[in-house]
Amino acid sequence: MHFELNEEQQQLADAIRRWIGRDYGFETRRAIVHSESGVSPDAWATMVELGLTALPVPEENGGFGGDALAMFAVMQELGRGLVVEPYVATVMGAEFLRLGGRHGALLERVAGGDLKLACALGERASRHDAFDIATRGEAVDGGYRLHGEKRVVLHGAEADGLIVSARGAQNAAGVESAGSAAGEQGMEGVSLFMVPRDSAGLRVTGYRTLDGLRAADVVLDGVVVGQDAVIGRVEEGGAILDAALDYGAGLLCAEALGAMEALFDTTLEYLKTRQQFGAPIGKFQALQHRMADMAIHLEQARSMALLAALALARSRGVASGDAGDGAGDGGNDGGSDGGSDGGAARRRVVSAAKYRVGLAARFIGQGAIQLHGGMGVTDELPASHYFKRLSMIELTLGDMDHHLERFIAQPGFREAA
């Protein structure tokens, strides 16, 4: 697939690469990872200054209205630099708010960099199915009360607000829904809430993950939120959740591509400089064959990641916003998601990309470690850090098996087979 960034996208990508090379090198990143907070306020301020937080936010909310292709260029560079700041979590949370169409003021704060978000979606028993939701919501005077637990919430402890999925709130007709505490599946009956970090009854336990990023386990013990906390409409958030998950998966594919490119380059350089038997090991034909196989995987992953970005950019990506509630707040006025096929085309492409990028990440990561030998697994070399991040990306928002099954389940696959 032939694809070139436009002038503005290339300039932004170049600016990010210069910043990372100057102020966010490997040793600086290691120091940030091992710090108490695990993130850098200075790095975040620079990202805001570069316009990264404003890029995906609609223009009417103080942003630049960048689509998935513009975000592709950004995520590729952040992946190349192994940036650990809470950017993906925040922009994915902003996508929930944009799709809901009712929180223009919050989107303005995201664009300005003073509101960090996290998406509290996964649960203990849900594995990769974000629609397997046991968290419950119940209608109370003036709002909703939430009970449940969320697991491995990326940057949950660093966020100012959490996007929380739940079931059992009140539907559009005002009738309280029933549901078992064991969890339910399917897009029907999903409600999404914007929960402030300082809400009473909200407990967040943060920790460092394998790849150096931060995650948290979240307990909602009777957390009460107002009616304005609802994203979209009560019990009609399934389409928003589905679209935002695909958006996040597309971002991760682009980040993985950047990480694979950097890992491939550093491995190639190692083969040129590491000496055995009086010659660089890169002269050994078997290792050349391995690098050639890695290059093929890299190019195939690049094509699929770009295809996913194109599919996301073409998707209208608007789901069940409430025009009345969003009036005067810069909100979206609602609509349909993904065109006449209900988002099936988007789901097919994103799942295909997540599977193919995951396959390439596994092959390139394992190959790079093997080609580095014992040094490849040490903390002192970037190779091990890239491998860990690629491994975590493959498991985030659905692993390869999950997306392969999802791809097969889309309409038309079995008939065509």
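Trp 19, Leu 78, Tyr 87 and Met 260 touch the most other members of the largest nonpolar core, which has 63 residues. Helix 7 (residues 238-273) supplies the largest share of this core, 14 residues. This is a predicted model, in which local features need pLDDT of at least 70, side-chain atom pairs count only at pLDDT 80 or more, and totals for chains, interfaces and linings use all residues. Residues are numbered from 1 along each chain as its sequence is written, and side-chain values use heavy atoms, with hydrogens and water left out.

**Nonpolar cores**
- A nonpolar core is a set of buried Ala, Val, Leu, Ile, Met, Phe, Trp, Tyr and Cys residues joined through side-chain atoms within 4.5 Å; buried means under 20% relative accessible area (1.4 Å probe, protein chains only).
- Leaving aside residues up to four places away in sequence, Met 260 touches (heavy atoms within 4.5 Å) Leu 298, Ala 301, Val 357, Ala 360, Ala 361, Ile 364 and Leu 390.

**Helix 2**
- Arg 29, Arg 30, Ile 32 and Val 33 are buried in helix 2 (residues 26-33).
- These residues lie on the same side of helix 2, because they cover an arc of only 160 degrees around the axis, taken from the directions from the helix axis to the C-beta atoms.
- The buried residues of helix 2 pack against strand 6 (202-208), strand 7 (214-226) and helix 11 (382-395); helices (H or I, at least four residues) and strands (E, at least two) are DSSP runs, numbered from the N terminus.

**Arg 80**
- Arg 80, in helix 4 (residues 68-80), counts as buried because its relative accessibility is 19%.
- Among the residues that Arg 80 touches, not counting those up to four places away in sequence, are Arg 17, Glu 261 and Tyr 386.

Notes. Buried means under 20% relative accessible area, exposed over 50%, partly exposed in between (1.4 Å probe, protein chains only).
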